[in-house]
Amino acid sequence: NIIKSNSADFQDDEELLSRLLFKWAITYNQRGDFNGLIGLLTAHEDLIIKLNNKELLCLFYAWIGWAYERKLLLKESHQYLKKALELAKGCKDEKITTAVCTYLIWTCADLGLLVDALEYSDRVRDGIHNHELEQQVYQLFWCGVAWVHWFKGESDKCIEAGNILLESGLKNSDNRKLTLGYIAQGWGFNAKGDQKKAINSFEKAAEIAIDPQYYCDAKIMLGFSHIADGNVTAAEAITEEMLIFNKQYGFDFMGEAAKTFDGVISLAKGEFQKGLNVLKKAEQRYINNGAKVRVAWQNQLLGRFYLKFVEGGGSISMNSIIKNSIFFLKTIPLAGRKAKHHLEKAIEISNQIGAGMILGPTMLDLGYLYRLKKNSEMAEKYFQRSIKIFRELNNDIYLKKAEGLLKEIQDRC
């Protein structure tokens with residue numbers, strides 16, 4: 001009946017079917033079912049191409065590009081979205097162009113193309129306000145802007161984008177805007193190093209989320225902030241929940257992070273070899289997919305793990321030492337070298353792509369490593385570099401910590 005009553009509005013039933021396909025895509029997207037979404041789209045690819053309709057082909061490339069981004073297949077996502085953008089130019093449809101550029105913000109950010117991501121946001125920023133858009137594009141735009149600034153370590157800009165969504169969400173009683181607004185705000189607090197406020201924001205987002213996709217986005221970031229706050233236990237149940245969801249629906253944007261958390265949790269439990277294997281496999285998947293920010297993050301995590309051994313093991317229990325005696329014998333003599341290798345790699349990548357969120361804290365970590373190794377000159381050098389970054393980012397919490405460590409070094413001299 002639906003096709004019969006509307007077929008006059010379209011060239012034929014196949015064209016109507018194609019348009020209904022994109023309506024269904026919205027449902028799959030909000031469910032977080034990206035295995036299902038890609039299956040739906042690829043099953044109808046030949047039909048879309050056969051219709052020889054530029055608008056429909058543009059929509060197809062845009063949707064499958066976004067689906068691949070959610071699967072963390074970033075190279076494929078970038079390829080399809082660039083095709084969509086070229087077609088959108090030919091169609092001269094600003095609404096579609098705005099949607100495609102919004103999706104490209106997310107893909108470029110994870111690829112480490114942060115300059116490109118911000119260029120896409122600038123390109124369509126006016127269109128967000130001046131054109132009537134689907135609400136999904138509006139909220140994804142501002143949340144995507146916050147995502148880029150989170151990677152850059154620009155916490156105030158994350159909070160600003162979050163506030164725009166929260167204000168609009170409250171004004172229009174829009175749950176989705178409120179959910180993504182709290183997530184964007186949480187990224188800002190996380191980048192500042194204020195994990196308590198970040199946790200509060202992500203908890204609010206998870207509590208009010210009505211869509212599985214946004215619920216998972218909020219929960220994975222809640223786990224991230226718990227780990228950053230040193231509360232690995234609180235992150236364990238979240239990690240398990242997210243791994244189960246990802247296995248069923250293929251939401252790898254979130255699921256791959258959950259796999260990393262699983263490795264961190266194993267390390268915290270004293271399952272060192274298992275944890276390292278998980279983290280190294282995750283790093284290789286990120287390398288294969290071109291997820292440069294995440295590669296830097298993996299190296300930061302690995303560097304911090306080995307740094308603990310240089311410190312003397314910290315809170316590692318005697319039971320863990322006995323259980324991992326062979327691992328300790330192999331690791332401890334090389335811990336300083338391995339910590340330095342991974343921290344330097346994280347610094348190199350994050351500096352290259354402008355990921356200040358990782359660059360500043362990792363420089364602080366490397367300075368601390370040099371302090372432990374009694375190399376005051378190099379420690380002072382990296383503390384000063386981190387201080388410069390934290391000042392540029394207006395990050396008072398990390399700045400205070402870095403200045404305190406620098407003062408300790410200078411007082412000894």
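This is a predicted model: local features need pLDDT of at least 70, side-chain atom pairs count only at pLDDT 80 or more; totals for chains, interfaces and linings use all residues.
Take Phe 305 and Tyr 306 as one of them: their ring centres lie 5.2 Å apart and their planes meet at 65 degrees, so the pair is edge-to-face, the class for angles over 60 degrees. Both Phe 305 and Tyr 306 are buried.

Rings also meet charges here. The charged end of Lys 177 sits over the ring of Tyr 138, 4.6 Å from the ring centre. Arg 294 does likewise with Phe 253, lying over its face at 5.1 Å from the ring centre.

Just after the helix, Gly 270 takes a positive phi of about 90 degrees.

The largest nonpolar core has 143 residues, and Trp 150 and Trp 187 have the most contacts inside it. Beyond its close sequence neighbours (those within four places), Trp 150 touches Trp 187 itself, along with Cys 158, Asn 190, Ala 191, Met 221, Phe 224 and Met 357.

Finally, look at Val 124 in helix α8, residues 114-130. Its relative accessibility is 4%, which is under the 20% cut-off, so Val 124 counts as buried. Setting aside neighbours within four places in sequence, Val 124 is in contact with Thr 97, Thr 98, Cys 101 and Phe 141. Asn 299 lies 175 residues from Val 124 along the chain, and their C-alpha atoms are separated by 34 Å.

Terms used:
Residues are numbered from 1 along each chain as its sequence is written. Side-chain values use heavy atoms; hydrogens and water are left out. Helices (H or I, at least four residues) and strands (E, at least two) are DSSP runs, numbered from the N terminus. Buried means under 20% relative accessible area, exposed over 50%, partly exposed in between (1.4 Å probe, protein chains only). Contact means heavy atoms within 4.5 Å. A nonpolar core is a set of buried Ala, Val, Leu, Ile, Met, Phe, Trp, Tyr and Cys residues joined through side-chain atoms within 4.5 Å. Rings of Phe, Tyr and Trp (its six-membered ring) pair if their centres lie within 6.5 Å; planes under 30 degrees apart count as stacked, over 60 as edge-to-face and the rest as tilted. A charge sits over a ring if NZ of Lys or CZ of Arg is within 6 Å of the ring centre and within 35 degrees of the ring normal.
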